Every structure is written in C-alpha cells, then in structure tokens.
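Reader: I have a structure open and would like to learn how to read its features one by one. Could you walk me through them?

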Amino acid sequence: MNPYLARLHQIASQPSRRIIGLMSGTSLDGLDVALCRLTGHGPGTQLVLEQFRTVPYSDDTRARIRTVFAREQVSLEYLTLLNPWLGSLHAAAILDCLREWSIAPAEIDLIASHGQTVYHAPQHQHQRADFPRNATLQLGDGDHVAVETGIITLSDFRQKHIAAGGEGAPLAAYGDFLLLSSPDEERLLLNLGGIANFTYLPRAGGDASTAFSTDTGPGNTLLDATVRAQRPGLQYDEDGRLAAAGQVHEGLLAALLDHAFFAAPLPKTTGPELFSPAFLAEAQQRSGTSHLRLEDTLATLAELSAVGVARAVRAAFAERAIPAAVYTSGGGAHNPALLAALGRHLPEARFGSTDALGVPGDAKEAILFAVLANEAVAGQPISIGAGRQRVPAVSMGKISFPG
Ligand SMILES: Nc1ncnc2c1ncn2[C@@H]1O[C@H](COP(=O)(O)OP(=O)(O)OP(=O)(O)O)[C@@H](O)[C@H]1O
Ligand SMILES: CC(=O)N[C@H]1[C@@H]2OC[C@@H](O2)[C@@H](O)[C@@H]1O[C@H](C)C(=O)O
C-alpha cells in the first residue's frame with residue numbers, strides 16, 4: 001500500500017486531528033491560517049482553535065493576484081504561472097507560522113487549503129448558453145502545498161459542490177451546521193467579507209434539511225475598491241469613519257439595487273466579477289452621482305450592503321419572523337458604519353459576534369475548511385440540504401500526498 005494511504009487511514013482513525021485551515025478571501029488582505037484540533041466528526045465535532053494568524057499579502061502578491069482577479073480576459077501564461085506560485089507562497093506562509101508557534105510539520109495531520117478564488121462564475125452571472133453550468137476557479141495548487149510542507153493536503157473544495165449541483169459556494173453552512181448549531185435557538189450567522197453571506201441554522205435536533213447559506217451581495221468589496229481608488233495608500237475605510245461622515249444618496253442606492261441579483265431566489269452566490277468598480281460607475285452614471293463626495297458614496301455603499309443582507313434574510317423567512325439571534329463574523333464586523341446600517345434594516349435582530357460562540361469571527365472561514373477536511377477524511381458527506389440540488393450532501397476536497 002502507498003505509505004501515504006496508510007498514514008491517511010491512521011489519521012482518519014484517530015480520535016482527534018490537528019488540521020491547518022487556510023483561507024484567503026476576496027479582500028486580498030492576506031492568508032488566514034487557523035490551526036485547529038478537531039475531535040470526532042459530524043454533529044459531535046469539537047473544535048479547539050490552537051493558533052490563528054493572518055499572514056498579510058505583500059503589495060507585490062496583491063498586484064500579482066489582481067492581474068487576473070475577477071477579470072474576463074487574462075494572459076493564460078500568467079494564470080498558469082500564478083497557480084503553483086501561490087501554492088508555494090501558501091506553503092511558505094504555513095512553515096513560517098509553524099516556526100513561530102514552535103510546532104514541527106510532523107505534528108500536523110492535514111492541511112485544508114481553500115486557495116485563492118480568481119474567478120467565480122455561477123450560471124446566473126455568466127449567462128452563457130454554450131456553457132450551461134456553474135463554475136469557479138481557485139488557484140494555489142495543493143500538490144505544491146503538500147510537497148513543500150511535507151503535510152497531506154486537501155484543496156479545491158468547491159468543485160465537488162458544483163459537480164453535485166451547487167454553485168460551489170457558500171460552503172459556510174456545512175461547517176456552521178457542525179460547529180454552531182444550538183438546541184436553544186435558531187441562528188443566523190452573518191459573514192461580512194468582501195461578499196456578504198449568511199447561514200441559517202435551525203435548532204440543533206430540528207430539521208437539518210432547512211439549514212443553508214447564501215450570498216447576499218457586496219459586503220466590503222465596493223467600499224474597499226472605492227476607498228482604494230480615491231485615497232491611494234488606504235486599503236479600506238478604517239472603522240467606517242468616512243462612511244459615518246456621509247449621507248446615504250437614495251438615487252444612487254436605488255440605481256445600485258436595480259440589478260436582478262437582489263431579487264434572485266436563494267441560495268445564490270456572487271463575487272467581485274459582478275460587484276466591481278464598473279458596476280458602481282454604471283449606477284453612478286444612471287443616477288447622475290459620479291461627483292458625490294467620497295463620504296456620501298461610502299455611506300451609500302454601506303447601506304447597499306445592509307439592504308442586500310436584509311432583503312435576502314426577509315426573502316428566506318417570508319412566511320414568518322426572522323430568527324432574532326444574529327452572529328457576525330468577517331472583516332466587516334469591525335466596521336461600525338456597516339453594523340449601524342444593518343441595525344436599521346433588521347431592527348428586530350439581536351446582533352452578537354461569533355466570538356461569543358467560541359469561533360473568532362476573523363478565523364471562521366479558515367476553520368470552515370479544516371472542518372470540511374475533517375469530514376472528508378474521518379466523516380461522511382455532510383447532509384444539510386436533504387439532497388436538495390443546490391445544497392448537495394457531499395464530502396469535499398482533493399487529496400495531495402507529499403511524495
Ligand atoms: N477596522 C475595520 N474597519 C472597517 N473595515 C474593516 C476593519 N477591519 C477589516 N475591515 C474590512 O474587512 C475586510 C477584510 O474582510 P475579510 O478578511 O473578512 O474578507 P475576505 O475573507 O477577504 O472576504 P470573503 O469572505 O468575501 O472572501 C477589509 O478589506 C475591510 O473592508
Ligand atoms: C467563490 C468564493 O470564493 N466565494 C467566497 C466569497 O467570500 C464570501 C462569499 O464569497 C462566499 O460565497 C465564499 O466563501 C465562503 C468561505 C463560503 O464558501 O462560505
């Protein structure tokens with residue numbers, strides 16, 4: 001038998017596993033590295049987050065990713081070169097973290113590597129009749145991560161979800177369901193990343209088939225792009241100060257909301273391919289707001305993110321009251337202007353942070369991939385959608401051996 005298969009069998013048989021989850025999202029701020037100890041599998045999974053660090057991307061790395069990121073036309077050579085380069089970059093970041101934490105690679109069982117999404121193309125967005133399928137592309141080849149760290153690596157988690165009828169995202173519901181379901185309350189888990197999404201969790205022991213997650217529209221992506229364009233040197237509107245100093249422009253908001261995505265049925269996904277500077281420029285032109293003050297544009301974009309969330313939440317619970325317990329995560333949870341707008345549009349919600357549930361919001365997505373890898377190796381296909389096509393019961397992740 002291949003010795004790595006024997007090692008994998010042994011890892012799967014252990015009561016607990018040490019798994020490094022990696023995530024780098026649409027904000028391109030860096031690589032989130034979450035060292036998790038996962039005991040058991042399935043709904044009994046116990047998480048201890050042993051270490052967490054965000055390894056910031058350098059300006060050079062950001063520039064390389066932006067060369068292809070969310071662009072319809074790119075150099076095929078550049079894309080080909082970037083794939084192993086990012087794998088090596090992520091491997092080096094892991095080795096650096098392990099050195100800092102005084103942990104030897106041999107003490108880690110698995111790496112769960114999301115990779116860098118460079119293009120997300122659900123069919124409702126690309127609308128090409130010649131390719132009537134959903135598609136998504138993450139770079140950062142898993143074989144490079146495995147060989148350069150010496151650790152068995154799972155990667156490319158989204159393709160199985162698409163092959164089984166999903167859009168490849170959001171995958172959050174699978175991890176949220178296993179880690180954060182509560183017998184005491186139904187919950188909404190609201191992640192405010194570049195793109196915003198939420199998971200609905202029924203009470204633990206309730207009807208698991210009703211759990212799902214969906215994107216809702218932009219989170220920080222349009223805010224960040226606008227700040228970067230108008231305040232070179234700034235990456236984002238720190239603590240939402242600029243947005244808080246502005247006024248929402250109703251005309252611009254209406255023009256931004258005038259897109260089929262906001263009315264499309266749930267669950268749905270999107271990305272910066274749609275919510276791009278060109279999307280904003282077009283809405284500004286239609287509403288005659290191209291010369292609005294930066295502060296007013298940012299206030300309007302924060303409002304847009306909040307309205308997107310509120311519309312999707314209300315659409316999901318059209319027949320009844322929304323779950324009151326809402327737990328936020330992701331970088332946007334640090335933006336008071338965004339949180340204030342959410343409070344205005346979901347006044348009946350009680351907002352808390354997932355930190356209070358033992359899952360730090362900044363680490364939550366990296367933890368998700370560790371949980372998915374744990375299930376792929378030691379568990380079962382995760383069944384939350386009762387076989388519903390867009391929430392398939394699948395195990396996710398491709399396995400790379402270090403040799
Ligand atoms: N103190 C802060 N004030 C305002 N905004 C903040 C603050 N801290 C983080 N952010 C926002 O959070 C962003 C990073 O969020 P996060 O890391 O959750 O995104 P991501 O994981 O890349 O996105 P996605 O979940 O869409 O993949 C920053 O670009 C910024 O917009
Ligand atoms: C294609 C892709 O990378 N999507 C990300 C992105 O970031 C937020 C939102 O858009 C979500 O759909 C997803 O990530 C999280 C981890 C998810 O799959 O749940």
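Predicted model: local features only at pLDDT ≥ 70, side-chain atom pairs only at ≥ 80, totals over all residues.

Reader: Let me begin with the open sheet: in what order do its five strands come, and what is the pairing?

Author: As a general idea, strands of a sheet pair through backbone hydrogen bonds, either parallel or antiparallel. Here the order across the open sheet is β9-β8-β7-β10-β11, with mixed pairing. At the edges are β9 (212–218) and β11 (350–353), each of which pairs on one side only. On average, neighbouring strands in this sheet are turned by 25 degrees against each other, direction ignored.

Reader: Which helix packs on the sheet, and which strands does it touch?

Author: That is α13 (residues 336–345), which touches β7 (187–192), β10 (325–329) and β11. The direction of α13 makes about 145 degrees with that of β7.

Reader: Could we look at one pair of strands? How many bridges join β8 to β9, and do they run parallel or antiparallel?

Author: Strand β8 (residues 195–201) is joined to β9 by six bridges, and the two run antiparallel. For a place to look on screen, find A196, which stands opposite G217 in β9.

Reader: Now to helices. At what angle do α7 and α14 pack, and how far apart are their axes?

Author: Two packed helices are described by the angle between their axes and the distance between the axes. For α7 (residues 172–180) and α14 (residues 364–378), the angle is about 85 degrees and the axes are 9 Å apart. Angles of 65 to 115 degrees count as roughly perpendicular, so α7 is roughly perpendicular to α14. On the α7 side, the contact is made by A172, Y174, G175, D176, L178, L179 and L180. From α14 come K364, I367, L368, V371, L372 and E375. Sorted by class, this contact has nine nonpolar, one polar and three charged residues.

Reader: Last, the backbone. Is the peptide bond from A169 to P170 cis or trans?

Author: The bond from A169 to P170 is cis, with omega near -25 degrees, and P170 is in the loop between α6 (158–163) and α7. Another cis peptide bond joins L266 and P267, with omega about -10 degrees. P267 sits in the loop between α10 (250–257) and α11 (277–287).

Reader: What about phi: what value does it take at A70, and what at S102?

Author: A70 is not a glycine, yet its phi is positive, at about 60 degrees. A70 is in the loop between α2 (59–66) and α3 (76–100). S102, also not a glycine, has a positive phi of about 55 degrees, and its place is the loop between α3 and β4.

Definitions and conventions:
Residues numbered from 1 in each chain as written. Chains lettered and ligands numbered in written order. Heavy atoms only, no water. Axes fitted to C-alpha atoms, helices over the stretch in contact; angles between N-to-C directions. Helix = DSSP H or I, 4+ residues; strand = E, 2+ residues; numbered from the N terminus. Parallel < 35°, antiparallel > 145°, perpendicular 65-115°, else oblique. Contact = heavy atoms within 4.5 Å. Nonpolar A, V, L, I, M, F, W, Y, C, P; charged D, E, K, R; others polar. Pairing = 2+ DSSP bridges.
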